[in-house]
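The sequence and the model are shown first, and a description follows.

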Amino acid sequence: MICKRVDSGTPDTTEIRDLARAAGYAVVGEVTQTRTEDPALHIGEGKAETLAAEVAATDATVVIFDNQLGPYQTYNLGNKLPKGVRILDRFRLILEIFGQRAKTRKAQLQVELAELRYELPRAEAKTSLAKREERPGFMGLGEYDESREQDIKNQISRIRDELDRIEQTEQHRREQRRESGFDLVALAGYTNAGKSTLLRRLAADHEVDENEELHPDLDTTAESEDRLFTTLGTTTREAEMDQRDVLVTDTVGFISDLPHWLVESFKSTLDSVYRADLVLLVVDVSEPVEEIREKLVTSHDTLYERNEAPIVTVFNKVDTVDDEEVERKRSALSALAPSPAAVSARDGLGIDALRERIHAELPDYQRERLVLPMTDETMSVVSWIHDNAQVETVDYGDQVVIEFEARPAVVEQSRAKAGELVGQSA
């Protein structure tokens, strides 16, 4: 059973129905209300009675609110509904979906952290109710355990420590990639915008297994399905680019109206975005322009705090709308999305132009000319430069003169290697 309250206007239950189905629930009915929030029940007293009657009539076992419920509201609603009926608010439902999708250790830890942060105020409410000697069962809140509150705090601390260790390892890998000459591009945007499909399209002609030893964390595929939250962790693949070595990472999708504690639980996943050289912000161009605008604003707010890389907005799914609509939305959203790239990740439209745009937006390569002594060790350095830079010329004589272009980090490394060679030959 779906329930939704709005302060004004007509309640729209489309998204919460999609979320419920994504979690595996069959929706048997809905109850909606337009009114200010009731402090005790969230919905009004009369509407709560109506909800209880609908639940009984349909034999519903779960009531899903497309709102955030406070601990005491959950408890009070539990007293109104038939015995045994579970109450989920919007964020508890999202956590259920996340839990079903979590495959990696990092994703599982982030889900567990978010669940614990969600449960902590409810554990505190149970303690308060127990002190007031409320009857056992706590209705929608679940059973009471006196030590649970401290257990939650201890678990939160433990998970944070483990996530910090995982992030240190991932940061080390990112730095290794940069030192190896790779540019890092991150895909960001709302769930179901087509990020995973775009990742597959950009990497369509490259075998990831070729880099398996160098990048052991690479996944061979990124799922592309028309369902919410398919991507929960991160998937990284090497993109096929003519002139540069680029790694593209697909990340968890943004979701509307997420509370701070839930965003904070997944911040280590967003580090793949924050530490990228370029961010592709993917939006579904077939959505209404005001919905796109709202999502762009939220996305920029999420990225603004820590992101330093340039952002290129990608209008995806252009195959689903006509050219006039794309141009109309391009004009309407120009302040938020200057010069967006228009593509169809599914059909491949505009992908070549997007590759060129990626190349243009990434940090400029530096030109370098090195003069190296003719030694056996010099040949290994020349080979390393060939692997990590774009070599223009190599002249072999009494000395080796090599000219190339590369990322600044690679140029710095090559200079250091050259300095060592010169020191050894002196």
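In this predicted model, Val394 stands opposite Ile402 in strand 13. The pairing to which these residues belong joins strand 12 to strand 13 (residues 399-406) in the antiparallel sense, over 6 bridges. Helix 13, which covers residues 376-388, packs on the sheet and touches strand 11, strand 12 and strand 13. The direction of helix 13 makes about 20° with that of strand 13.

The sheet itself is open and consists of 3 strands in the order 11-13-12, with antiparallel pairing. Strand 11 (366-373) and strand 12 (390-396) each have a single partner strand and stand at the edges, so one side of each lacks a neighbour in the sheet. On average, and with direction ignored, neighbouring strands of this sheet are turned by 15° against each other.

**The chain as a whole**

The chain has 426 residues, of which 50% are buried. Its secondary structure comprises 14 helices and 13 strands. Of the contacts between residues at least 6 apart in sequence, 73% join residues at least 24 apart.

Strand 1 spans residues 2-6, and 5 of its 5 residues are buried. Ile2, Lys4 and Val6 point one way from this strand, whereas Cys3 and Arg5 point the other way. Strand 1 pairs with strand 2 and also with strand 3, as the table sets out. Within these pairings, Lys4 stands opposite Thr32 in strand 2, and Cys3 stands opposite Phe65 in strand 3.

Strand 3 (residues 62-65) is covered on both faces. Val62 and Ile64 lie on one side, Val63 and Phe65 lie on the other, and all four of these residues are buried. Strand 3 also pairs with strand 4, where Val63 stands opposite Ile87.

| Strand pair | Sense | Bridges |
|---|---|---|
| Strand 1 and strand 2 (residues 30-34) | parallel | 5 bridges |
| Strand 1 (residues 2-6) and strand 3 | parallel | 2 bridges |
| Strand 3 and strand 4 (residues 86-88) | parallel | 3 bridges |

**Helix 1 and helix 4**

Two packed helices are described by the angle between their axes and by the distance between those axes. Helix 1 (residues 14-22) and helix 4 (residues 90-101) pack at an angle of about 35°, and their axes are 9 Å apart. The crossing of helix 1 with helix 4 is left-handed. On the side of helix 1, the contact is made by Glu15, Ile16, Leu19, Ala20 and Ala22; on the side of helix 4, it is made by Arg90, Leu93, Ile97, Gln100 and Arg101. Classified by residue type, this contact has 6 nonpolar, 1 polar and 3 charged residues.

Helix 4 has 12 residues and reaches 17 Å from its first C-alpha to its last, close to the 16 Å expected at 1.5 Å a residue. This helix is mostly covered, with 9 of its 12 residues buried. The buried residues are Arg90, Phe91, Leu93, Ile94, Leu95, Glu96, Ile97, Phe98 and Arg101. Among them, Arg90, Leu93, Ile97 and Arg101 also take part in the contact with helix 1.

Notes. Residues numbered from 1 in each chain as written. Predicted model: local features only at pLDDT ≥ 70, side-chain atom pairs only at ≥ 80, totals over all residues. Heavy atoms only, no water. Axes fitted to C-alpha atoms, helices over the stretch in contact; angles between N-to-C directions. Helix = DSSP H or I, 4+ residues; strand = E, 2+ residues; numbered from the N terminus. Left-handed = near helix turned anticlockwise from the far one by under 90°. Contact = heavy atoms within 4.5 Å. Nonpolar A, V, L, I, M, F, W, Y, C, P; charged D, E, K, R; others polar. Expected span 1.5 Å × (residues − 1). Buried < 20%, exposed > 50% of the residue type's maximum accessible area, 1.4 Å probe, protein only. Pairing = 2+ DSSP bridges.
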